[in-house]
Amino acid sequence: MPRDLATFTGRTRELERLTAMAEHDGGTTKVVAVDGMPGVGKTVLVVRLAHRLAARYPDGQIFLDLYGHDTENEPLAPAAALDQLLRLLGIPADRIPADLDGRAGLWRTELARRRVLLVLDNALGHDQIRRLLPGSPGCLVLITSRRRLSGLDAARAFSLDVLGPDEAALLLTRVAELSPDADPAAVATVARLCGHLPLALQLVGNRLRHRSSWTVADLTARLGADGRRLAELRAEERAVVTAFRLSYDGLDAVTRRAFRLLGLHPGAEVTAPDTAALLNTDRAQAEYLLDALHDHHLISEPKPGRYRFHDLIHEYARQLADRDPAPAREAALDRLLDHYLTTAEQADAALFPRSAAPSAFETADQARQWLDAELHNLLRAARHAADRGRHRHAALLARALRQYLEQQGPWSEAAVLHERAVQAWRTLGDDRQAALAMADLSRILLRAGHHEDSLHHATRGLRIGRALGDLELVATLLDQMGLLHWHRSEIDVAIGYYEQSLSTWQAIGNEVGEAEVRNHRSIALWHLGRYAEAADEMHAALALYEQAGDPQGRQMTLNNLGDVELHLGRYESALDYYERAAAVKEMGRQHMPAWLMNVGTVYRKTGRLDEALECYRRALSICRGIGDRRGEATSLNHIGAWYGQAERDGEALIHFQKALSISREIAEKYQEICALRNIAAVYDRTGRYGIALQRYEESLALARAIGDTYQEACALDGMAKVLARTHGFAHALPHWRRSYRLYEALGVPEAAEVRTRLSEPDGAFGSE
C-alpha cells in the first residue's frame, strides 16, 4: 500500500461516507468504487481510507494499478492483473495457472480464508475488474476509475468532485508551506486557477515551496499568463499541463532534458541504466537526475531503484520531447534500444553459455534476475521498435530473448514477439534470419500446443533454408519438423526427419546439433518400444553434450535416461538419473514439469505418495503458468493416477477427463491414449464394464495408429481384465496372450504380471 500523504487535506465528509459504505454486513464482500476526473485525488483518498481501515484486515492490504487510462501501457487484462495479485499475495509463480478461469479460481480460493483489503487503482471499466473481485465475505475492495462503473452490479459507487475553495486553499498552503500572513485572496486565486484540482495544487505548491523569491502573486501571474484556466471540462490534461509546466520550468536545463527524454521511454518503469542510455551519460549522473525528478514529485519510486511516471505527467513529458529536434529524439531511442539489446544478449549468454563471450553479469542468477525484472520493459521496447520501423532492434531483441522465453514463458507473448521478428527480417530482406525467426516462432507455437501453426512456420523456414543452401538452417528446421511430428504422434514421420537432420549435422561437423537430434530421436524410439536403441542414442547424445560442455543438453539427456529406467521398472536407477539431472544446473520452467512428473512417478511407484502428489501438483502449476497444454494434460493424467491408486475414483475420473479434453483440443494423441486407458480403468473398477471396454478399444485403435507398442499392450491388458470379469477367462485369453507377447518383447515388468494371470485362470478375474 502506498504511503499516506502528510499533506492530505479535507475530504472529511467523503471519508465518513466511504467508511460507512465500506462497513460489512457479514454477507458479502464489500466493493466500493470511487470515480472522478484525472487528478481529482481518487487514489490519495482511497489510500487514506485504506490506511484508516487497515486494522480490520489483518491478512493484508494490496494495491494494484490497472492502467485503465495510460497512453503508453495497455490496460491490464484480467488474467495479467490476477497474475500480479496472486504474486502480491505471495503465491509462487509456478502455482499460478495460465488461463483466466484458473487464475480467478485460485485468487478466490486464496481469499476465501483471508480478510484482505484490496485497492484496484485506475480501472478502465467493469469488464476489467469483474474477475478480480473476491467471491466470499470478509474482504473489502476499493476501486478508483475515471469512468462511472455502472455495469458493476456488486459495487457501491461514489463520485468524487474537486476540493471546495477553502479546502483547496488549505491544501496549497500546506504543500507550499506558506506563512500564516500569506495573502488569502492571492492563495484563493491560485487555488481557483488550479481548478481546485488536488494534483495541480500539489505540483504548484511544491514549485512555490522551492522558490523562496516567489510570492503567491508571482505564481498567480504565471498561471494566468496565457489566459487559460486549469480545470476545463473534459480537458483535464490541458489544465493540468499548466501546473506541470510550472514544475518543469523550475528545473535546471540538464534536468529538464532528462525529464523530456524519459518521456520517450516505452516501458512502465525506468532505472538508472535506462536513464543513462537515454541521456548518453554515466550511471552516477543518471541516478542524480532521477533523484532530482523524484524530489520534485515528477516521478515516483514504487520499488527501490525503479521509477515510474504518473500517467498524465508521462504524457506531458512525451509532448515536450516531441518539440525537440527529431534527430535528438531518434538518437536517444536508439541508445535505449541498444542498451536493452546489448544487456539482453549478455544475459542470454550468461544463462545459456555457448562460448566464453564477455558479459555484464557475473553469474547466471544475476542474468535471470535482470531478465525477470526487465521482461515487460523488454517486450514493450521490442513492440515499440517494431511499430516505429526499427526493424533490426525488434528482430534482435526477439532473438536475444528466445531461450529465456521458451524456458520461462509466457509463451503467448513470446509468439507475438517472434511474429514481429519474422516480419522485421522480411522487411530487412534477410531471408536467413527470417527463417531462423520462423524456427523460433514454430518452437514456441509447438510448446503452446498450436501444432498446425507451428508446422506452417517450420515448413516455410525449411523451404527458405533449402533455397539458400544453408545446411545449418536446414538441419535446425528438419529437427524442428521431427519434433512437430512427434508431438502429433506421427512417430515414423518424425524419425525420418530426425535422420535427415542428423546426417546434415554430421556432414557439417556440428556436435551440439548432432547431440540434440540424437536426444530427440531417442524419445521417438522410446515411444516405439525400441528401448535399447533409445538408450544407446541417449548415451551418444550425452557424450557429445559433455564433450561440447553443454549443461542444458546434459540435463535433458540425463532426465530422458531416467525415463527409460523408470519404464523398465528400475526405480532406484531412474531416481539416480533424475537427481544427476537436477544437479547439473538450475532447471528452467520449460523442463521442470517433466522432471517433477518423472520424480513423482518414482515416488508413487515406491510408496512415497504424499511427495508424489506434491510433485505432480507443482508440475501442473508450472505448465499452466507458461501455457504448456501438453504438459498440463500429462500432469492431470498423473494426478488422476495418484487418486486412482488411493482408491478415490471420483477425483481420479475428473482429472482424467480434463486430460482427455485438453489432449483432443491440441491433437495430442499419446496423452489422449493415456487418458482413455485411465478412464477405462476407473470404469472397470466401479463396475461400468461396457463403457470401460469401449474406452479401452478407443485407446487400442489410437495406439496402433501411432505405432506405440507399449500403449497397445496396455490397452489389450485392460480389455482382457474387463472381459475376464464379464465373460470369463476364455474370452479374455486371446487379448492377454497378445498383450503378454508385446510386453515380453519390450522387456517391461508388466510381462510378469500377465504371465501370472495366464498361469492362474481361476484367479481374481472370474466371470460375473
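View 1. Leu117 is buried, at 0% relative accessible area (buried means under 20%, exposed over 50%, partly exposed in between, with a 1.4 Å probe and protein chains only). The model is predicted: local features need pLDDT of at least 70, side-chain atom pairs count only at pLDDT 80 or more, and totals for chains, interfaces and linings use all residues. Residues are numbered from 1 along each chain as its sequence is written, and side-chain values use heavy atoms, with hydrogens and water left out. Leu117 belongs to strand S3 (residues 117-123). Helices (H or I, at least four residues) and strands (E, at least two) are DSSP runs, numbered from the N terminus. Leu117 and Ala54 lie 63 residues apart in sequence, yet their C-alpha atoms are 7.1 Å apart in space. Residues up to four places away in sequence aside, Leu117 touches Met1, Ala50, Leu53, Ala54, Tyr57, Gly60, Gln61, Ile62, Leu140 and Leu142 (contact means heavy atoms within 4.5 Å).

**View 2. Gln128 and two backbone oxygens.** Gln128 sits in helix H5 (residues 126-129). Gln128 is buried, with a relative accessible area of 6%. Its side chain reaches the backbone oxygen of Leu66 at 2.9 Å. The side chain of Gln128 also reaches the backbone oxygen of Leu76, at 2.9 Å. Such a polar contact is a pair of N or O atoms within 3.5 Å; within protein, one must be able to donate a hydrogen and the other to accept it, and residues adjacent in sequence count only if both atoms are side-chain atoms. Not counting residues up to four places away in sequence, Gln128 touches Leu66, Pro75, Leu76, Pro78, Asn122 and Ala123.

**View 3. The salt bridge of Asp440 and Arg399.** The two side chains meet at 2.9 Å, N to O. The pair links distant parts of the chain: Asp440 is in helix H19 (residues 431-447) and Arg399 in helix H17, 41 residues apart. Asp440 is buried at 9% relative accessibility. Arg399 is partly exposed at 28%. A salt bridge is a side-chain nitrogen of Lys or Arg within 4 Å of a carboxyl oxygen of Asp or Glu. The whole structure holds 49 salt bridges.

**View 4. Further salt bridges.** Glu665 and Arg629 pair through their side chains at 2.8 Å, N to O. Glu665 lies in helix H30 (residues 649-665) and Arg629 in helix H29 (residues 629-645), so the pair ties together parts 36 residues apart in sequence. Glu665 is exposed, at 55% relative accessible area, whereas Arg629 is partly exposed, at 22%. Glu565 and Arg570 form another salt bridge, at 2.9 Å, N to O. Here Glu565 is buried, at 12%, and Arg570 is partly exposed, at 42%. A network of salt bridges links Glu269, Lys303, Arg306, Arg308 and Glu374.

**View 5. The largest cavity.** Its volume is about 60 Å³. The whole structure has 5 cavities of 30 Å³ or more. On a 1 Å grid over the protein atoms alone, a cavity is a set of points where a 1.4 Å probe fits but cannot get out; lining residues have an atom within 4 Å of a point. Grid points are joined across faces, edges and corners, and a volume is the space filled by probe spheres set on the points. Leu351, Phe352, Arg368, Tyr404, Gln407, Gln408, Lys585, Glu586 and Gly588 line the largest cavity. Helix H17 (residues 391-408) gives the most to this lining, with 3 residues. By class, the lining has 3 nonpolar, 3 polar and 3 charged residues. Ala, Val, Leu, Ile, Met, Phe, Trp, Tyr, Cys and Pro count as nonpolar, Asp, Glu, Lys and Arg as charged, and the others, Gly among them, as polar.

Note on methods
On a 1 Å grid over the protein atoms alone, a cavity is a set of points where a 1.4 Å probe fits but cannot get out, and a pocket is an open set with protein on both sides within 12 Å along at least five of seven lines; lining residues have an atom within 4 Å of a point.
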